[in-house]
Amino acid sequence: MFDTFGTTADWKSSLVEHCAAIAAAAGLRADWPAFVTEWRSLYQPAIAPVRDGQRLWADFDELHRETLDTLLPKYALNTLSDADRDHMVYGWHLLHGWPDTVQGLTRLRQRHILGALSNGTTRQLVDMAKRSAFPWDVIFGADQWQTYKPAPALYLGALKLLKAPASSVVMVAAHNNDLQAAQNHGLQTAFIHRPTEDPAPTARYTYIATDFNDLATQLGC
């Protein structure tokens, strides 16, 4: 089971390209690396009230639109139309993988069932897979349980649907909180180094890999 945003997909360069093109068509410019980095940083505060039961369910598209609207004035982009804003949010459906993603997943799929287990919506993950040819066997989005990782429902729900014991499943992520939650439920874990995500593992994991090809090699694929 794979985290997607940051682990499987390179959100930063994907969104820089996507947002810059939309704004350029509207005659606007900004520091796009800074903009998308700050937009991404608003994600955890946005999902926390939903996960903690302080807010009714809202999916990634809704939350990304809300955080985008709060951010645009800071970068003098508040003249963007509603259509342009929706198009920017849709960029989260179109993220491309890291250079090793497809090759590494393809190698791993020879011997293993591969699934996305993500805070994104099911449709978002399907769109991303179609856009970037991610060879998933199954996709689990947060909307299936209407909460967000690291809530137990996602890990336990995926195990139940796969009819797989926790010890037979590896959670793959570039985020320590995701892996530690999976570990708490008995899953194996694999930390992947990604330049935009957690700089180093903060616990003992089953595997530590430089990328998906390295993980495939460690798993004998």
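**Close-up views of the predicted model**

**View A. The side chains of Asp 69 and Arg 65 form a salt bridge, with N and O 3.1 Å apart.** The term salt bridge is used for a side-chain nitrogen of Lys or Arg that lies within 4 Å of a carboxyl oxygen of Asp or Glu. The model is predicted, so local features are reported only at pLDDT of at least 70 and side-chain atom pairs only at pLDDT 80 or more, whereas totals for chains, interfaces and linings use all residues. Residues are numbered from 1 along each chain as its sequence is written, and side-chain values rest on heavy atoms, with hydrogens and water left out. Asp 69 and Arg 65 both belong to helix α4 (residues 60–71), where they are 4 residues apart and therefore separated by about one helical turn; helices (H or I, at least four residues) and strands (E, at least two) are DSSP runs, numbered from the N terminus. Asp 69 is partly exposed at 29% relative accessibility, while Arg 65, at 19%, is buried. Buried stands for under 20% relative accessible area, exposed for over 50%, and partly exposed for what lies in between, with a 1.4 Å probe and protein chains only.

**View B. Asp 69 also forms a salt bridge with Arg 85, at 3.0 Å from N to O.** Because Asp 69 lies in helix α4 and Arg 85 in helix α5 (residues 82–90), this pair ties together parts that are 16 residues apart in sequence. Arg 85 is buried, with a relative accessible area of 12%. Apart from residues up to four places away in sequence, Arg 85 touches Arg 65, Leu 68, Asp 69, Leu 72, Leu 77, Asn 78, Thr 79 and Leu 80, where contact means heavy atoms within 4.5 Å. A network of salt bridges links Arg 65, Asp 69, Asp 82, Arg 85 and Asp 86, and the structure as a whole holds 13 salt bridges.

**View C. A salt bridge of 2.8 Å, N to O, joins the side chains of Arg 194 and Asp 100.** This pair links distant parts of the chain, 94 residues apart, since Arg 194 sits in the loop between β4 (188–192) and β5 (207–209) and Asp 100 in the loop between α5 and α6 (101–109). Both Arg 194 and Asp 100 are buried.

**View D. Helix α2 (residues 32–41) crosses α4 at roughly 130°, and the two axes come within 10 Å.** Axes are lines fitted to C-alpha atoms, for helices over the stretch in contact, and the angles between N-to-C directions run from 0 to 180 degrees. The helices α2 and α4 are therefore oblique to each other, given that angles under 35 degrees count as roughly parallel, over 145 as roughly antiparallel, 65 to 115 as roughly perpendicular and the rest as oblique. The crossing of α2 and α4 is right-handed, which denotes a near helix turned clockwise from the far one by less than a right angle, anticlockwise being left-handed. In this contact, Phe 35, Glu 38 and Trp 39 of α2 meet His 64, Thr 67, Leu 68 and Leu 71 of α4. These residues divide into 4 nonpolar, 2 polar and 1 charged, with Ala, Val, Leu, Ile, Met, Phe, Trp, Tyr, Cys and Pro taken as nonpolar, Asp, Glu, Lys and Arg as charged, and the others, Gly among them, as polar.

**View E. Helix α3 (residues 43–51) packs on α4 at an angle of about 130°, with the axes 10 Å apart.** That angle makes α3 oblique to α4, and the crossing of α3 and α4 is right-handed. Tyr 43, Ala 46 and Ile 47 from α3 meet Phe 60, Leu 63 and Thr 67 from α4, and the residues of this contact comprise 5 nonpolar, 1 polar and no charged.

**View F. Helix α8 (residues 152–162) has Leu 154, Tyr 155, Gly 157, Ala 158 and Leu 159 as its buried residues.** The elements that cover these buried residues include β1 (115–118), β2 (138–141), β3 (170–173) and α9 (176–184).

**View G. His 18 lies in helix α1 (residues 11–25).** With a relative accessible area of 14%, His 18 is buried. Neighbours within four places in sequence left aside, His 18 is in contact with His 87, Met 88, Tyr 90, Gly 91 and Leu 94.
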